[in-house]
Amino acid sequence: MAAFEGIRPFSAVVQELVDYVSRPDFQFDKVSKVIEADPALAARIMRVANSAAYRIYEPCSSVSKAVVRIGATNVCELAMAMSAMTFFQDLGGVGQKIRDHSAGTAAVARELTFRLGRAAACPKVFLASLLHDIGKLLLIQTGDRAYAALAGENLAPNSVHLKEQAQWGYDHAILGGHVLLSWRLPEPIPQIVACHHQPKVAQRKSASVALSVDLLRVADHVDWLFEQQHDADSPHVQRLVQSPDGTRVGLSEATLMELWDDLRTVRREALSVFK
Ligand SMILES: [Fe+2]
Ligand SMILES: [Fe+2]
């Protein structure tokens, strides 16, 4: 933690955005102006606003429309998440792999949350999913090549953190949660991230955190299944539906089969949006 305390992944524009949106009298016009000062950030936000995750009505043609559509607070958190994700140097492509997995998981989590009628109960699931494995990026930054190689393997969900705990006594989820909190990402995002490998701990927090963690874990698994090119009729899918996470979010095999192609589409799109 001490080694990561000094890291500030936010640009001056993102920091200004965070400070401005935290004022009770903020105005939408000024929010767009702050964003437009950073053309790369503005372009990313436009891409997200026009992605399947947010495209509810018509295409969004300006930053100010994107701010209205996504909401000023969400735009601000999205800007923080995107700068945190792009801050880290890559180590042999492992960083890109983790970023792809995070974007894919976030898109699948958001779509699942909507389709299962859980959006109101879990408003931060998209951002928490986007940041859930940021602890891995932090650990890679320490320059431990053996860890980078481990993190780059396509291991089954819920396995890398056990190796981390054995080696260091903590895992990327706990580390990520603490660091996000120190970067002032608002709760419950740090809590959801910290608990994403400990659903039992999440259940002791709040109903929203517990459900968000379950949805994130299902999405994490679905992303892995797509990555491994499993199809909807794979025995893995059946196992996921019958897992404790799948049961708690109310997933059935029929629902997952029905959503499968849409989940694949939103995931594919997210990979290009967050590149
Ligand atoms: Fe993880
Ligand atoms: Fe993950």
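How many C-beta neighbours does glutamate 269 have inside 10 Å, and does that count make glutamate 269 buried, exposed or partly exposed? Please keep that question in mind while I say, before anything else, that what we are looking at today is a predicted model. The answer is that glutamate 269 has 19 C-beta neighbours inside 10 Å, and glutamate 269 therefore counts as partly exposed, since a residue is called buried when 20 or more other C-beta atoms lie within that distance.

Glutamate 269 sits in helix H18, which covers residues 253-273, and if we leave aside the neighbours within four places in sequence, glutamate 269 is in contact with Ser51, Ala52 and Ala107. Another pairing to look for on the screen is with glycine 104, which is 165 residues from glutamate 269 in sequence, while the two C-alpha atoms are 8.5 Å apart in space.

Now let us step back to the whole chain. The protein chain is divided into domain 1, residues 10-87, and domain 2, residues 89-275, and the centres of these two domains, taken over C-alpha atoms, are separated by 23 Å. Where they touch, twelve residues of domain 1 are in contact with 17 residues of domain 2. Which elements of domain 1 give two or more residues to the side that touches domain 2? They are helix H4, residues 39-49, and helix H6, residues 72-87, and of the elements on that side, H6 gives the most, with six residues.

Next I would like to turn to helix H9, residues 134-141. Seven of the eight residues of H9 are buried, so this helix is largely enclosed by the rest of the structure. The buried ones are Ile134, Gly135, Lys136, Leu137, Leu138, Leu139 and Ile140. After the helix comes glycine 143, which has a positive phi, near 85°.

What does H9 pack against? As background, two packed helices are described by the angle between their axes and the distance between the axes. One partner is helix H10, residues 145-152, where the angle is about 150° and the axes are 8 Å apart, which means that H9 is roughly antiparallel to H10. The crossing of H9 with H10 is left-handed. The residues that meet are Lys136, Leu139 and Ile140 from H9, and Tyr147, Ala148 and Ala151 from H10, and this contact divides into five nonpolar residues, no polar ones and one charged one.

Another partner of H9 is helix H12, and here the axes come within 7 Å and cross at roughly 95°, so that H9 and H12 are roughly perpendicular to each other. On the H9 side the contact is made by Ile134, Gly135, Lys136, Leu138 and Leu139, and on the H12 side by His172, Ala173, Leu175, Gly176, Val179 and Leu180. This contact consists of seven nonpolar, three polar and one charged residue.

To finish, I will walk through some residues in loops. In the loop between helix H11, residues 160-168, and helix H12, residues 172-182, we find aspartate 171. Is aspartate 171 buried or exposed? With 23 other C-beta atoms within 10 Å, aspartate 171 is buried, and, not counting residues up to four places away in sequence, aspartate 171 touches His161, Glu164, Gln165 and His197.

Asparagine 158 is in the loop between H10 and H11, and with 16 other C-beta atoms within 10 Å it is partly exposed. Glutamine 229 is in the loop between helix H15, residues 207-227, and helix H16, residues 235-242, and with 7 other C-beta atoms within 10 Å it is exposed.

How values were computed. Residues are numbered from 1 along each chain as its sequence is written. Chains are lettered from A and ligands numbered from 1 in the order in which they are written. This is a predicted model: local features need pLDDT of at least 70, side-chain atom pairs count only at pLDDT 80 or more; totals for chains, interfaces and linings use all residues. Axes are lines fitted to C-alpha atoms, for helices over the stretch in contact, and angles run from 0 to 180 degrees between N-to-C directions. Helices (H or I, at least four residues) and strands (E, at least two) are DSSP runs, numbered from the N terminus. Angles under 35 degrees count as roughly parallel, over 145 as roughly antiparallel, 65 to 115 as roughly perpendicular and the rest as oblique. A crossing is left-handed if the near helix is turned anticlockwise from the far one by less than a right angle, and right-handed if clockwise. Two residues are in contact if their C-beta atoms, placed from the backbone, lie within 7 Å. Ala, Val, Leu, Ile, Met, Phe, Trp, Tyr, Cys and Pro count as nonpolar, Asp, Glu, Lys and Arg as charged, and the others, Gly among them, as polar. Domain bounds come from an automatic or database domain assignment. A residue is buried if 20 or more other C-beta atoms lie within 10 Å of its own, exposed if 12 or fewer, and partly exposed in between; C-beta atoms are placed from the backbone.
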